[in-house]
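I am opening my notebook on this entry. I want to see how its parts pack and meet.

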Amino acid sequence: MQKIGVFVCHCGTNIAATVDVLRVVEAAAKEPGVVHAQDYPYMCSEAGQALIASAIRDKGLTGIVVCSCSPRMHEATFRKCAERAGLNPYMVEIANIREHCSWIHKDMEEATQKAIILARAAIAKVHLNTPLAAGHSQVTKRALVIGGGIAGIQTALDIAEAGYPVDIVEKNPSIGGRMAQLDKTFPTLDCSACILTPKMVEAAAHPNIRIFTYSEVERVTGFVGDFTVDIRKHARSVDMDKCTGCGLCQEKCPSRKTPDEFNRALGTRSAIYTPFAQAIPNVPVIDREHCIKFKTGKCGLCQTVCAAGAIDYTQSDEIVSEKYGAIVVATGFDTIKLDRFGEYAYDQSKDVITSLELERIMNAAGPTGGHLERLSDGRMPREMVFIQCVGSRCSDGRGKSYCSKICCMYTAKHAMLIRDKYPDVNVTVFYIDVRTPGKNFDEFYRRAVEQYGVNYIKGQVGKVAPLPDGRLRVSGSDLIDGKAVEITADMVVLATAIEPDPSARRLASMLTASIDTNDFLTEAHPKLRPVESPTAGVYLSGVSQGPKDIPETVSQAGACAAKVIGLLAKDRLTTNPCTAHSDQLLCNGCSACANVCPYGAISYEQREVNDHGVRGERRIAVVNNALCQGCGACTVTCPSGAMDLQGFSNRQLIAEVDAICR
Amino acid sequence: MSIDDRDFRPVIAAFCCNWCSYAGADLAGSSRMKYPAEVKIIRVPCSCRVNPMFILRTFEKGADGVILCGCHPGDCHYSTGNYYTRRRMASLISLMEFVGLERGRVRVEWVSAAEGAKFAETMNEFVEHIRALGKNTRLEDLRCKN
Amino acid sequence: MSELTERIMEISGADPRKCMKCGKCTAACPVAGEMDIKPHQFASCLAKGQSDLLLSSNTLHKCLSCFACVERCPRDVRPGRLIDAVRQCVVRARGQAFLTPEEIPELLDDELPQQLLVSAFRRYRR
């Protein structure tokens, strides 16, 4: 018989306000096996933990139940506390009477009854707990960063600087990401390329960093400390070692009609191309879909002009398989498609553009050479309208319910830059709220209004209608004056909502990392573990986790790197001892369990078994504890009931069920 | 409806996987969403840990409804666990119907860690449904009664 | 910016572009309910250069010049002064830019609302 101690936490008033803690203590004390029951205002505090430790020592407890917050919050705390007091840490069970009880109920009687039942279930379970010992696994001292934007680059640089090798995988032909497409950055108006390019160069030159561009993650297996990742390097058709980056091939390429992705399809590019002048690596790729040589077999001009002999039409995709200890997801974002927002006439007029398109138009390397002009006729606009929250904060299913966070600031930046460069252009901004939390952010926005005379109107735009003369009639509302507003504009810029890059969902599945309904990766704890995924060894950097601007992305990238370094600095990790194991007397070696195991942790052995005095050799399942992650799929599949899961055994779960139904 | 029916407080067990649904339930709690106290949550590492036998046992012991919550298909922490759950539960549910248990006493829902509101909503709806069905008399083990 | 708007800004010494449309001026105003153009709208009309509208507004007559709006404005827009400035523009357009001290006793009679005097003192004390 176990000697069980029950500790009920008040959590200040978080629990005690709706649960009669003393009655829970009383009820728990009456349960069989309970030799000690008490309450305390804050069980997780040092004094609370000391209380538990001394009860364990003084009363010789063999198991404890803590009735407190979610085990996802403090299970580790109380396990450590038990361990310090000489109790096996896996003899601790938590009854979640805060998140699952006091916070969801108002009625004290109801909540107290429920808390008592939850405590009983935990007591019933701990009766059947057995001491478990954690194993150890090795750590591969190399990190993988998926995505080569500013988030990925910064994370990789920080990890590399700490002395660990890092690989960056980027699906585009060059690293740089969205930041490379931006013209200026708020709130200081630094030129984006000027601050990004040095970082790109630094990453490329760093001895600890390898960059795989034009590559994608194909397959991920393994677990924290020991991931194996297959990276598909798409055929570049250009030899990276031979190419000198002279650019002659791109100049001579006769196929020039491909929409230029880097310029948001506002211009065209050749079939052999580097996305932009400062591309890293400065080695072009051949876009086989649009290359005449690949389409018709005739051409080969680039091969003819290449003095270095770098063009290789026979290259094929290559799979690189590498081991990593940690994986960082930094897959970034794209703007949403606007086909469901017909009211803004984005598809009807070339002069209705997204803000990212405006970035390219404002950029000296962009399709208009940095000159502000209408894409329809090349004329300079006189009247510009910016519309905020296009698809953001939109819960009707067409857009995104969240705030994209960066739009208020970049719109203020665009408006300011335009008024600065072209003072005779009138700029009007329609907004719902102007959200500028951040250092020097509100001051920046106020400058746009007060110094640059940008006309901010509180209210949304209901319709943008192209007029016969090519201008645009913008119908909006002015909620301050309580009037409808009509503006005839030359150009309309939409602050389009951002969404996670489409690759994030597939990647999350591969990594078994949680993802939310908006396809943003979920953090392990929204406040206290913001850069870690709940999946051990997977870290989050940049917009893949949620909308954020450049300063925030860089801070998060650094935080993420610190977490990765913390992991890689360890020589070995303790593994979860809650693994499956088979009862050799029941196992008949049918292989059903191995078929459902996602980790390949189950193998079979011929073993001599003494079955009630009858000795014989049998084929039985053996679980590799280093590989088993403890999902329990095998336990249910096993037809003879030989497989069981430590920590969540059949008997333990049934005991909980019985306690709840009692 | 008799007076007994109105006072009927069903016993409901909710099996929640540790990675998505249990976290979703935590989020429902920390967001102070309300759902009936009849729901008692049992934590399992993955929805695929739940043996259909556990569910039968729950009914046998007098539960009126059982709900099993896991990660959305494709999002399982153990990559494929909830696919097994889906298949197993599909057969269990049709078996339960075959033996004459009312439809809807067993339910499977996918709730992610970010879906606190969905968790609360699902529980409210489920409890309402079980209340409407009334007491589970068909699968309860009469030997458990004195 | 129209000449009128410029003149209003010059007289008032206030900058309506500083307004962040919080509405505190209107919230503080004891007679906002009577006004056709509320103090915050006054600032926004000026910022948009629609100062012509203001000349015929009843706000000019309703405003008590209590300057609660000026006290409370978090951005130093001073809506009361803006209203005051528009009022002066209307008065000046009628050729009555000022009063001589000799005229004042004649204007003071039993019929004259006390409010006007209080308002005048408040205004010119500043």
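I started with a helix pair in this predicted model. Cys408(A), Met409(A), Ala412(A), Ala415(A) and Met416(A) come from H12(A), and they meet Phe441(A), Phe444(A), Tyr445(A), Arg447(A) and Ala448(A) of H13(A). I sorted this contact by class: nine nonpolar residues, no polar ones and one charged.

Next I checked the geometry of the pair. H12 of chain A covers residues 407-421, and H13 of chain A covers residues 441-450. Their axes lie 9 Å apart, at an angle of about 35°. I noted the crossing of H12(A) and H13(A) as left-handed.

I then looked up the domains of chain A. Domain 1 takes 4-127, and domain 2 is made of 143-234, 318-332 and 501-568. Domain 3 spans 248-305, domain 4 spans 335-499 and domain 5 spans 580-646. Between the centres of domain 1 of chain A and domain 3 of chain A, over C-alpha atoms, I read 66 Å.

I turned to chain C. How many helices and strands does chain C have? I found nine helices and zero strands. Along the sequence the pattern reads α-α-α-α-α-α-α-α-α. Chain C has 126 residues, and 33% of them count as buried. I also looked at contacts in chain C with a separation of 6 or more: 70% of these join residues 24 or more positions apart.

Last, I looked at where chain C touches chain A. Chain C gives nine residues to the contact, and chain A gives seven. On the chain C side I listed five charged residues, three polar and one nonpolar.

Terms used: Residues numbered from 1 in each chain as written. Chains lettered and ligands numbered in written order. Predicted model: local features only at pLDDT ≥ 70, side-chain atom pairs only at ≥ 80, totals over all residues. Domains from an automatic or database assignment. Contact = placed C-beta atoms within 7 Å. Nonpolar A, V, L, I, M, F, W, Y, C, P; charged D, E, K, R; others polar. Helix = DSSP H or I, 4+ residues; strand = E, 2+ residues; numbered from the N terminus. Buried ≥ 20, exposed ≤ 12 C-beta atoms within 10 Å, placed from the backbone. Axes fitted to C-alpha atoms, helices over the stretch in contact; angles between N-to-C directions. Left-handed = near helix turned anticlockwise from the far one by under 90°.
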